[in-house]
Amino acid sequence: MALPVAEWQGRTARLWAALDPALRERLAAASLRDAVRLGGDLLRAEEEEEAVLVQLCHRVCTDKEPAAASRYREQGNREFGRCQYQAALRLYSKAASHEFPGSPEVSMCFANRSAALFHLGHFEVCLEDIARAESHGYPDRLLPKVLLRKAECLLCLGRLQDAQDALRVLESKIAVNGLMTSPTHRTLLKKLSQLKVKLHEKQMCPEPAQEAHGGIQGKSEIWEENDSISGASAFLSLSFDAERGRHLVASQDIIPGQSLLKEEAFVSVLCPGESFSVPLQDGETAWDARATNADLYCHRCLSQLLASVPCQGCSYARYCSQACADMAWQQYHRTECSLGALLLTLGVFCHVALRTVLLAGFTEVSRLVGWSHSGDKDLQNPEARCKRPSEAPDAGAGARGIPGCDSNGHYQSSYQALFHLLPHIEQHSPEHKFLCMLSVVVLCKQLQAAGLEAAVLNQESPQQCSKPKTCEKTSDELSPELKTVAEAMLRHVLQLQCNAQAITVMQELGPGDEAVVNKKPVRLATAFFPVLSLLNHSCCPNTSVSFSGTAATVRASQPIPSGQEVLHCYGPHQCRMKVAERQQLLRQYFFECHCQACLEELESGAGSVVSVRNSFCCPKCRATMQGEEDTLRCSNEACATSASRENLLCRLQDLQQQIKKALDLLRHGKADQAIKMLLKCQMDAGNFLSPEHLLMGEMEDHLAQVYATLGKWQEAARHLQKSIEVVEMHHGPSSIETGHELFKLAQILFNGFAVSEALSTIQRAEEILSVHFGPQSAQIQELQEMKACLSELPRNILQKT
């Protein structure tokens, strides 16, 4: 959720409507500095507004909750007893995040989680959790069981001496505790005896050393970094004009797949997903056991979590390692930790704005905010702004006259470059600016109330910063320093509407253990990429952007001749929506798109390719139904059948609901029923949808999924090939979408032992996906592994297939 919760938005909208017209006019025309000052005055007069926001925060629990931990641990134990170790692992992690550090309960969470990790074969991580359990005071009476698991892990890893040492410690512990006669203890002694025998056998007959396999090596990418644009290829140059602003141009001919930009996010904030808890009528809390982004990805580096390290002060921040947790605490989380509920209530944009100023440091923030005061009006005019470098050669437009460059004309991924991204103050609606201003000011007031001002101003070391007190409402005026912080944050919140970059990841649908893995792109985080922001939009872009953690890579998706602008799609793509819909969505960026796709579609006056392919067809003659009114008519003059648009849309919605029910049947193991329902859906769809309709392709994809579940590989391949035909019509033969479908087809053909077809499909999928994701991506590696496996088959088998 980018903006604050709906209740706070509604509250600020009503407050705005109730303001004196003269004050509304002043606020609408105010500079960022004046807006912050007026917002502070307004909140002192309207104390109830801040109290309402504090009350809204109580609906989101981000503190440690031992009662929640107990619930999650019990659920984890049930899943473990059912041998659902992956689900148990996630629930034990949730439990650990709610327990206080150093408590016996948190040590139990880590110990239980180590058992799940052991059963999943993650022995190294299991050892880390065992160490965590011991460091948090795991009960001495239960320690033998954990020590036995430790020895088993070491044995599985081939660390025989360490395993022997662990067994000695275990025997010593048993000797100290005395004779154990309970069934549990007898089982422990039996396992200990078996493990000693296994260790002895391995010591007597060591396994031959495994030949090191570095994996399939992909092609290395040629990369020469630009001298004047950090993270950019030497094949690019930075240009500026009044119409397009800063933008990147090809300085040499560029081929598809060539890397053009590699940039680490200046700041990123994980999009949390579902709420952490839901209050019930009786005051109790229903804790959501479903996995969200907060459970699956590191809150700092965005890497996928296996056994998360929880923050010691809150329940919502989790990390991939203690190193990441320590770094986050030092850089920003010591300030954010106690404000989790407030940040989740105010939305991701406010959170990104706060973290931006914390990472930049108050000295740099104050310097640039102070410089901006030297000409607030000029700052709204890019042309005027780039003519004033002499006033602040290290903070202004730079030697080249391009905003954001340093005095040497170098454009870096820095706070200075980020600060110069346009906030479009005059284009935002007054109501939106008012919402952002109140949200930022109240956040800074809560920082002051919680005693966090010194931390925000970087005047307190991490060692001095203890857990702040709980946020309480305050009517005190903001300090001058926090007014500066609020002004910078308001600037960044307004910038984000046009410059926020969604970090996406391909997430597996289902448990992930199927023979054919289905994935979809998911928004993982919101970030500022100062250099990536130089790319202007096109509905038919010539680049593709992919992410690895917090790093973005831009590659050419088609040939880009020297002198042509390098373009990126902000979302509305010609393959996915009509020009009118694209233009409507692009209004949020305060420009009218004049890309080649839009101009051709507007000038020709012809129907959009998207609308034609996703059209309804005549129930009698199957010709396309057309018309802009409520009644559609058959395009075949000899037929002249008409139908209600509303009726057809209702049929489409009913069809989508039936497809959803079929997929639910598949998830519950009822594949045969799912096939029958999908085939019926296909017949119904053929009576009123175009054969090229995207939903027709989706149904073929679903049927392929069901047949693959049953191991009917030929049937699965046949349906998926039909799906690919539809996808190619919509997105193009070299699109990411086609590449993903070919990847699934390669898996099906590989599993079905259709060697020659699999090899040709692998090659085509590899060619497409390497352009968009590079030769080192996980999908390319998997394709190459499949190809190597097939190539090693005996020649006579290859000839038969």
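Predicted model: local features only at pLDDT ≥ 70, side-chain atom pairs only at ≥ 80, totals over all residues.
I take buried to mean under 20% relative accessible area, exposed over 50%, and partly exposed in between, with a 1.4 Å probe and protein chains only. Residues are numbered from 1 along each chain as its sequence is written, and side-chain values use heavy atoms, with hydrogens and water left out.

Salt bridges. I searched the whole structure for a side-chain nitrogen of Lys or Arg within 4 Å of a carboxyl oxygen of Asp or Glu, and the search gave 31 salt bridges. Among them, Arg 82 pairs with Glu 79, their closest N and O atoms being 2.7 Å apart, and Arg 82 counts as exposed because its relative accessibility is 53%.

Helix α3. I looked up Arg 44 and Asp 41, whose side chains form a salt bridge at 2.5 Å, N to O; both lie in helix α3 (residues 32-45), three residues apart, about one turn of the helix. For helices I use DSSP runs of H or I with at least four residues, and for strands runs of E with at least two, numbered from the N terminus. Arg 44 is partly exposed at 31% relative accessible area, and Asp 41 is partly exposed at 33%.

Helix α10. I then found Asp 165 bridged to Arg 168, with the closest N and O atoms 3.5 Å apart, and both residues lie in helix α10 (residues 160-177). Asp 165 is partly exposed at 32%, as is Arg 168 at 46%.

Network. I noted that salt bridges link Arg 113, Glu 128, Asp 129 and Arg 132.
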